[in-house]
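Q: I would like to learn how to read a model feature by feature. Where do we begin?

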Amino acid sequence: MPVSLDFIGNILQNKKLGSHGFFDKTKMETFVTGLYNTLFLPQHIDTEEQLQQDFEKLNKALFELILSGVNHDESWAKKQTEIFFDELSNIYHTLILDAGSILEFDPATESLEEILLSYPGFFATYVYRISHQLWMQEVNTLPRVISEYGHSKTGVDIHPGAEIGKHFFIDHGTGIVIGETTVIGDHVKIYQGVTLGALNVSKEFANQKRHPNIEDNVIIYSGATILGGNTTVGKDSIIGGNVWITQNVPANSLVYNKSEIKIKDNGPLPESLTFVI
């Protein structure tokens, strides 16, 4: 036998102790993609009755996820499901504004359909907005698992506790990290590799403001790192690529990293560049 009976017994005991709060992740993924398809993709749906049936299935799926993953209280799970679907119209209209910003400002985009079918930044924003709603309802665990599903699909890691305004535009997306207490205003554009993080990751600061504030109409280019709960980037500012910011940036600022680039002929490399350890 590959493992001992004592080890198997220990695993089984721990699984039983930890079963409270667990749910089927496959069903979560099905719910997230199913809701996206129902909201944005045709899927051969052409009647109100068909849409209503789809929403009824999604309602039941979310109820079962909340019921199995939180406290097994049917009335509470039903109430949270109702609140989520009551807010879904607002979430949908906000996402349409997000998609509109991509269509307006990304020169590589030719149509709304292209965004809905293929843009990881938009899908990441969608995942954030539905997980944030559940986070605001204090539905434990499920929002984090949903956000990590979006992270695995897009390379964009947005904590569901972050607050993000309307007309949000993620371009390319890969490597973006937005921390739990980040606050982002309206009409903000973020490029790949941006980190909005904390200066201190000690557990004792868990309930404090740890991540920066980004005001309206800010553009943050690739590779920028902005850290700290007391750090605010003022409105209408442009943050250049690869900068490191841990202090306030006034409104209407341009922040950039001054670097030196050298170009030489393609001859023998200097000794320092050919040294091998």
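Q: Leaving aside residues up to four places away in sequence, which residues does F122 touch?
A: Contact here means heavy atoms within 4.5 Å. F122 touches Y36, F40, L95, D98, A99, I102, I115 and L116, with residues up to four places away in sequence not counted. One caution: this is a predicted model, in which local features need pLDDT of at least 70 and side-chain atom pairs count only at pLDDT 80 or more, while totals for chains, interfaces and linings use all residues. Numbering runs from 1 along each chain as its sequence is written, and side-chain values use heavy atoms, with hydrogens and water left out.

Q: What does the secondary structure of the protein chain come to?
A: Helices (H or I, at least four residues) and strands (E, at least two) are DSSP runs, numbered from the N terminus. The protein chain has eight helices and 14 strands. Its C-alpha trace spans about 65 × 60 × 40 Å along the principal axes. Of contacts with a separation of 6 or more, 45% join residues 24 or more positions apart.

Q: How many of the residues in the largest nonpolar core are there, and which touch the most other members?
A: In soluble globular proteins, nonpolar side chains tend to be buried together. Buried means under 20% relative accessible area, exposed over 50%, and partly exposed in between (1.4 Å probe, protein chains only). A nonpolar core is a set of buried Ala, Val, Leu, Ile, Met, Phe, Trp, Tyr and Cys residues joined through side-chain atoms within 4.5 Å. The largest core has 37 residues, and V32, F122, Y126 and L142 touch the most other members. Two or more residues come from each of helix 2 (25-40), helix 3 (48-69), helix 4 (74-105), helix 5 (112-118), helix 6 (120-136) and helix 7 (142-154). Helix 4 gives the largest share, eight residues. A second, separate core has 25 residues, including A124, V188, V194 and V243. Across the protein chain, 41% of the 277 residues count as buried.

Q: Which residues of helix 2 are buried?
A: M28, F31, V32, G34, L35, Y36, T38, L39 and F40 are. The buried residues of helix 2 pack against helix 3, helix 4, helix 5, helix 6 and helix 7. At the N-terminal end, D24 caps helix 2, with a side-chain oxygen 2.9 Å from the backbone nitrogen of T26.

Q: Why does the length of helix 2 agree with expectation?
A: The expected span of a helix is 1.5 Å times one less than its number of residues. Helix 2 has 16 residues and should span 22 Å; its end C-alpha atoms are 23 Å apart, so the two agree.

Q: How many salt bridges are there?
A: Side chains of opposite charge can pair when their charged atoms come close. The rule is a side-chain nitrogen of Lys or Arg within 4 Å of a carboxyl oxygen of Asp or Glu. The count is three.

Q: Where does the pair R129 and D98 lie, and is it buried or exposed?
A: R129 is in helix 6 and D98 in helix 4, 31 residues apart, so the pair links distant parts of the chain. Their N to O distance is 2.8 Å. Both R129 and D98 are buried.

Q: What separates R144 and E148?
A: About one helical turn, because they sit four residues apart in helix 7. R144 is partly exposed at 33% relative accessibility, and E148 is partly exposed with a relative accessible area of 33%.

Q: What is the N to O distance between E180 and R210?
A: It is 2.9 Å in this salt bridge. E180 lies in the loop between strand 4 (177-178) and strand 5 (183-184), and R210 in the loop between strand 7 (195-197) and strand 8 (213-214), 30 residues apart. E180 is partly exposed at 23%, whereas R210 is buried at 15%.

Q: In what order do the strands of the open sheet of four run?
A: Two strands pair if DSSP finds at least two bridges between them. The order is 2-5-8-11, with parallel pairing. Strand 2 (163-164) and strand 11 (232-233) are the edges, each pairing on one side only. Two bridges join strand 8 to strand 11. I214 stands opposite V233 in strand 11.

Notes:
A polar contact is a pair of N or O atoms within 3.5 Å; within protein, one must be able to donate a hydrogen and the other to accept it, and residues adjacent in sequence count only if both atoms are side-chain atoms.
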